[in-house]
Amino acid sequence: SMVEPLKWFTTVVADRDAPIIARRLALYYVAHLVGDMHQPLHASRAADRGGVDIAVSYKGVTTNLHYFWDSNLVDLETGTEEDIAKRLAANLTDEERREWQAGDPALWTNESLTLVRSHAYNIGPSGELSDDYVEKARPIVRIKLVQAGLRLAWLLNTALK
């Protein structure tokens, strides 16, 4: 599970007596773990290593299901990282912000698991991903990016008071 290491690294980030190099390294891991929790295939089946063992192709490019969700779908968002963040945040309601900025990493991971079950593995036997599959996946990826950013900020604000 990613939950216990996240708690541990967050404690190190917050520890003002810890060496700065340790706090900096812990911060890297906190950001990494929160990101992973929001990538649906990190919370999925061990049998296929979270989709790594499942070959898929889209528009003639072959990869694996895990990488497709980790990178390819994110890369479909256009503009700089700042542009993307602004665009994603622009559609955020106050209710969503309140609901998502709550500190239960186990719940965050379960949300990802639910998404995996409902969509990620809905691929045909050929492994060729349809435009329909991608169009259904993109809003999921956008929501997960917003949630990850909000929750990382919330976690750090809480830890650092």
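Colleague: Start with Glu77: buried or exposed?

Modeller: This is a predicted model, so keep that in mind throughout. Glu77 is buried, because its relative accessible area is 8% and the cut-off for buried is under 20%.

Colleague: Where is Glu77 found?

Modeller: In the loop between H3 and H4.

Colleague: And which side chains does a polar contact join to that of Glu77?

Modeller: There is one to Arg87, at 3.4 Å, and one to Arg142, at 3.0 Å.

Colleague: What does Glu77 touch, leaving out residues up to four places away in sequence?

Modeller: Ile84, Arg87, Arg138 and Arg142.

Colleague: OK, on to H3. Which residues are buried there?

Modeller: Leu65, His66, Phe68, Trp69, Ser71 and Leu73 are buried in H3. The cover over the buried residues of this helix includes E1, strand E2 (61-64), H6 and H7.

Colleague: Which residue caps the N-terminal end of H3?

Modeller: Asn64 does: one of its side-chain oxygens is 3.0 Å from the backbone nitrogen of His66.

Colleague: Now packing. Which residues touch the most other members of the largest nonpolar core?

Modeller: Leu41, Leu65, Phe68, Trp69, Leu73 and Tyr133, in a core of 17 residues. Strand E1 (55-58), helix H3 (65-75), helix H6 (105-120) and helix H7 (131-160) each supply at least two residues of this core.

Colleague: Which of them gives the most?

Modeller: H7, with five residues.

Colleague: And Trp69, what does that touch?

Modeller: Not counting residues up to four places away in sequence, Trp69 touches Gln39, Pro40, Leu41, Val74, His119, Ala120, Tyr133, Ala137, Ile140 and Val141.

Colleague: Switching to pockets. How much space lies in the largest pocket?

Modeller: About 660 Å³. Its lining has 24 residues, and Val74, Lys144, Leu145, Val146 and Ala148 lie nearest the centre.

Colleague: Which elements give two or more residues to that lining?

Modeller: Helix H2 (20-37), H3, helix H4 (81-90) and H7. The largest share is from H7, at eight residues.

Colleague: How does the lining of the largest pocket divide into nonpolar, polar and charged?

Modeller: There are 15 nonpolar, four polar and five charged residues.

Colleague: And the second largest pocket, what volume?

Modeller: About 170 Å³. The residues that line the second largest pocket are Leu88, Asn91, Leu92, Glu96, Trp100, Pro139, Arg142, Ile143 and Val146.

Colleague: Which elements give two or more residues to the lining of the second largest pocket?

Modeller: Helix H5 (94-100) and H7 do, with the largest share, four residues, coming from H7. By type, the lining of the second largest pocket divides into six nonpolar, one polar and two charged. Arg142 is part of that lining, and the side chain of Arg142 also makes the 3.0 Å polar contact with Glu77. Val146 lines the second largest pocket and is among the residues nearest the centre of the largest one.

Colleague: Last topic, backbone angles. What is phi of Arg49?

Modeller: Near 50 degrees, a positive value in a residue other than glycine. Arg49 sits in the loop between H2 and E1. Arg49 is exposed, with a relative accessible area of 53%.

Colleague: And phi of Lys161? Where is Lys161 found?

Modeller: Phi of Lys161 is near 50 degrees as well, again positive in a residue other than glycine. Lys161 is in the segment after H7. With 86% relative accessibility, Lys161 counts as exposed.

Colleague: Thanks, that covers my list.

Technical notes: Residues are numbered from 1 along each chain as its sequence is written. This is a predicted model: local features need pLDDT of at least 70, side-chain atom pairs count only at pLDDT 80 or more; totals for chains, interfaces and linings use all residues. Side-chain values use heavy atoms; hydrogens and water are left out. A nonpolar core is a set of buried Ala, Val, Leu, Ile, Met, Phe, Trp, Tyr and Cys residues joined through side-chain atoms within 4.5 Å. Buried means under 20% relative accessible area, exposed over 50%, partly exposed in between (1.4 Å probe, protein chains only). Contact means heavy atoms within 4.5 Å. On a 1 Å grid over the protein atoms alone, a cavity is a set of points where a 1.4 Å probe fits but cannot get out, and a pocket is an open set with protein on both sides within 12 Å along at least five of seven lines; lining residues have an atom within 4 Å of a point. Grid points are joined across faces, edges and corners, and a volume is the space filled by probe spheres set on the points. Ala, Val, Leu, Ile, Met, Phe, Trp, Tyr, Cys and Pro count as nonpolar, Asp, Glu, Lys and Arg as charged, and the others, Gly among them, as polar. A polar contact is a pair of N or O atoms within 3.5 Å; within protein, one must be able to donate a hydrogen and the other to accept it, and residues adjacent in sequence count only if both atoms are side-chain atoms.
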